[in-house]
Amino acid sequence: MPAVLHATAGQVLSITLNRPETLNALTPDQRDEIVQLLSEASETADVRAVVITGTGRGFCAGADLRGAATTDERGVGDVARTLRTGAQRLIAAVLDCEKPVIAAVNGTAAGLGAHLALACDLVLAAESARFIEVFVRRGLVPDGGGAYLLPRLIGPQRAKELMFLGDALTAADAERLGLVNRVVADGELEKTARAWADRLAAGPTRALALTKQLVNASLDTDRATAFAAEAAAQEINMTTADAQEGVRSFVERRNAVYRGL
């Protein structure tokens, strides 16, 4: 079976990590395939929403370190280069995807796997899901954008608690902290993720893409820059067919039918 399953149905791209025997630990090939799929999703009109999930008991246990270079084999700059082209590139691909991305966290999400989930626009978690900042247990610094994502989601003190202690966070506690949008029964995860994705796929795709860009950039910009970006996004969006349909449907007192254009 392929290590990454993917299929498009009803304008929703489903990406499923498929190495359950390793709790879906990511190999470089898997990582690169996900990056490619997300890039293609941005470019493909027939894809209007994305769902990322895993098979078995794990969402993603992080990077598969088997076969990684040892300290003796590394040269100066190798580690930084590997991170830029590997884990960081994966997280950037999720953040930069022009279609809304849902994480359906079916089990353990550890290390890079946790950051893969948290980079998504919406996070659904099964009751059995766990989130673990596992790096400190191995004497490592968090990678995959963790020190960027977590403080923006839950503040620096909570982020430090998770990263310093490395304790497993239950789905319920992740929801309480604001890391998860909703916790559902294990048997309802796939159904709920599909329902959310279908709603997003039926929405104004370009408006959602611009909204995603504005929100993701908001914590890194001052008010004047954010307001200028908002005005520019409005200017761009008002040229789209979906925006015109939205206004027309309001005037005509009917439900809008968006085509993603």
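Residues are numbered from 1 along each chain as its sequence is written, and side-chain values use heavy atoms, with hydrogens and water left out. Because the model is predicted, local features need pLDDT of at least 70 and side-chain atom pairs count only at pLDDT 80 or more, while totals for chains, interfaces and linings use all residues.

**Exercise 1.** Work out the strand order of the open sheet of 6 strands, and state which strands stand at its edges.

Solution. Begin with the elements themselves: helices (H or I, at least four residues) and strands (E, at least two) are DSSP runs, numbered from the N terminus. Two strands pair if DSSP finds at least two bridges between them, and by this rule the order is S1-S2-S3-S5-S7-S10, with mixed pairing. S1 and strand S10 (182-184) each have a single partner strand, so one side of each is left without a neighbour in the sheet. From one strand to the next the twist averages 20°.

Next, look at individual pairs. Strand S1 (residues 4-9) and strand S2 (residues 12-17) run antiparallel and are joined by 6 bridges, with Val 12 of S2 as the bridge partner of Ala 9. These two strands form a hairpin with 2 residues between them, and Gly 10 in the turn has a positive phi of about 60°. By contrast, strand S5 (residues 101-105) pairs with S7 in the parallel sense over 4 bridges, and Ala 103 has Val 123 in S7 as its bridge partner.

**Exercise 2.** Describe the open sheet of 4 strands in the same way.

Solution. The order is S4-S6-S8-S9, again an open sheet with mixed pairing. Strand S4 (58-60) and strand S9 (168-170) are the edge strands, each with a single partner, so one side of each lacks a neighbour in the sheet. Within this sheet, strand S6 (residues 108-110) runs parallel to S8 and is joined to it by 3 bridges, and Thr 108 stands opposite Arg 130 in S8.

**Exercise 3.** Determine how H9 and helix H10 (residues 223-237) are arranged.

Solution. The axes, which are lines fitted to C-alpha atoms over the stretch in contact, with angles from 0 to 180 degrees between N-to-C directions, come within 10 Å and cross at roughly 170°. That makes H9 roughly antiparallel to H10, a label used for angles over 145 degrees. With contact meaning heavy atoms within 4.5 Å, H9 contributes Arg 206, Ala 207, Leu 210 and Leu 214, and H10 contributes Ala 229, Glu 230, Ala 233, Ile 236 and Asn 237.

**Exercise 4.** Find which helix gives the most to the lining of the second largest pocket, and describe that lining.

Solution. A pocket is an open set of points on a 1 Å grid over the protein atoms alone, with protein on both sides within 12 Å along at least five of seven lines, and lining residues have an atom within 4 Å of a point. H9 gives the most, with 8 residues.

**Exercise 5.** State which elements supply at least two residues of the lining of the largest cavity.

Solution. A cavity is a set of grid points where a 1.4 Å probe fits but cannot get out, and the largest one has a volume of about 70 Å³. Helix H4 (112-118) and strand S8 (130-132) each supply at least two lining residues; the lining includes Ala 114, Leu 118, Phe 131 and Ile 132.

Terms used. Parallel < 35°, antiparallel > 145°, perpendicular 65-115°, else oblique. Points joined across faces, edges and corners; volume = space filled by probe spheres on them.
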